[in-house]
Amino acid sequence: MPGKHRLQEDVVDFLRCAQGAGDEEREHADDDEGWMNSLQVCIVSRNPHKQEIEEMLRQRGVEEKVEVCCVKVEGTTKARKIVEKMSEKGGIAVYADDDVRELVDSSLIPCTSLHRVIFSFRELNN
């Protein structure tokens with residue numbers, strides 16, 4: 001995939017787990033629409049290669065119900081996109097990033113149900 005960033009296999013495994021949990025939830029749900037609102041995954045990236053990211057997700061079998069937002073192309077920031085998504089959908093969200101500065105962006109303060117996770121392979125390799 002063009003660009004210096006790539007989706008790590010551990011992130012793909014996380015997406016598979018989330019979808020698997022959602023599949024179990026869907027089996028017990030009364031209607032499919034309730035399931036669609038209960039679990040949503042959005043990859044928010046500065047990488048502008050949306051189609052390539054979506055194709056890579058398809059190849060790994062995790063494209064279903066995953067939205068890809070390329071903030072550089074949209075002319076926004078990761079934090080603004082997260083605030084926008086959370087104000088639209090509500091609920092609880094998890095924001096994983098490898099840069100603590102992204103995680104503590106002050107524009108995320110209104111997102112009281114946002115859980116932040118530092119996700120860095122650099123720390124594991126040192």
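This is a predicted model: local features need pLDDT of at least 70, side-chain atom pairs count only at pLDDT 80 or more; totals for chains, interfaces and linings use all residues.
Residues are numbered from 1 along each chain as its sequence is written, and side-chain values use heavy atoms, with hydrogens and water left out.

The protein contains seven helices and four strands. These elements are DSSP runs numbered from the N terminus, with helices (H or I) of at least four residues and strands (E) of at least two. Their order along the sequence is α-α-β-α-β-α-α-β-α-β-α. Contact is defined as heavy atoms within 4.5 Å. Among contacts between residues at least 6 apart in sequence, 52% join residues at least 24 apart. The accessible surface comes to about 8600 Å², and 50% of this surface belongs to carbon and sulfur atoms. A residue is termed buried under 20% relative accessible area, exposed over 50%, and partly exposed in between (1.4 Å probe, protein chains only). Of the 126 residues, 29% count as buried.

Leu-108 lies in the loop between H6 and strand S4 (114-118). The residue is buried, with a relative accessible area of 0%. Beyond its neighbours within four places in sequence, Leu-108 is in contact with Ala-79, Ile-82, Val-83, Tyr-95, Glu-102, Leu-103, Leu-114 and Arg-116. Ala-79 is 29 residues from Leu-108 in sequence, and their C-alpha atoms are 6.1 Å apart in space.

Asp-97 belongs to strand S3 (residues 93-97) and is buried at 6% relative accessible area. Its side chain makes a polar contact of 3.3 Å with the side chain of Tyr-95. The side chain of Asp-97 also reaches the backbone nitrogen of Asp-99, at 3.0 Å. Leaving aside neighbours within four places in sequence, the contacts of Asp-97 include Lys-78, Glu-102 and Val-117. Asn-47 is placed in the loop between strand S1 (41-45) and helix H3 (50-59), and its relative accessibility of 4% makes it buried.

The cysteines were considered next. A disulfide is a covalent bond between the sulfur atoms of two cysteines. The criterion applied was a pair of cysteine sulfur atoms within 2.5 Å, and zero disulfides were found in the whole structure. The sulfur of Cys-69 has its closest cysteine sulfur in Cys-42, but the separation is 3.3 Å and therefore too far for a bond. Cys-69 is buried, with a relative accessible area of 1%, and Cys-111 likewise counts as buried, at 7%.

Side chains of opposite charge can pair when their charged atoms come close. A salt bridge was assigned where a side-chain nitrogen of Lys or Arg is within 4 Å of a carboxyl oxygen of Asp or Glu, and the count comes to eight. Lys-81, which is buried at 6% relative accessible area, pairs with Glu-74 at 2.7 Å (N to O). Glu-74 is partly exposed, at 39%. Lys-81 also forms a salt bridge with Glu-84 at 3.3 Å (N to O). Because Glu-84 and Lys-81 are three residues apart in helix H5 (residues 78-89), about one helical turn separates them. Glu-84 is partly exposed, with a relative accessible area of 34%. A further salt bridge joins Asp-99 and Arg-101 at 2.9 Å (N to O); Asp-99 is buried at 18%, whereas Arg-101 is exposed at 64%.

Key: Accessible areas come from the Shrake-Rupley method with a 1.4 Å probe; for residues, only the protein chains shown count as cover. A polar contact is a pair of N or O atoms within 3.5 Å; within protein, one must be able to donate a hydrogen and the other to accept it, and residues adjacent in sequence count only if both atoms are side-chain atoms.
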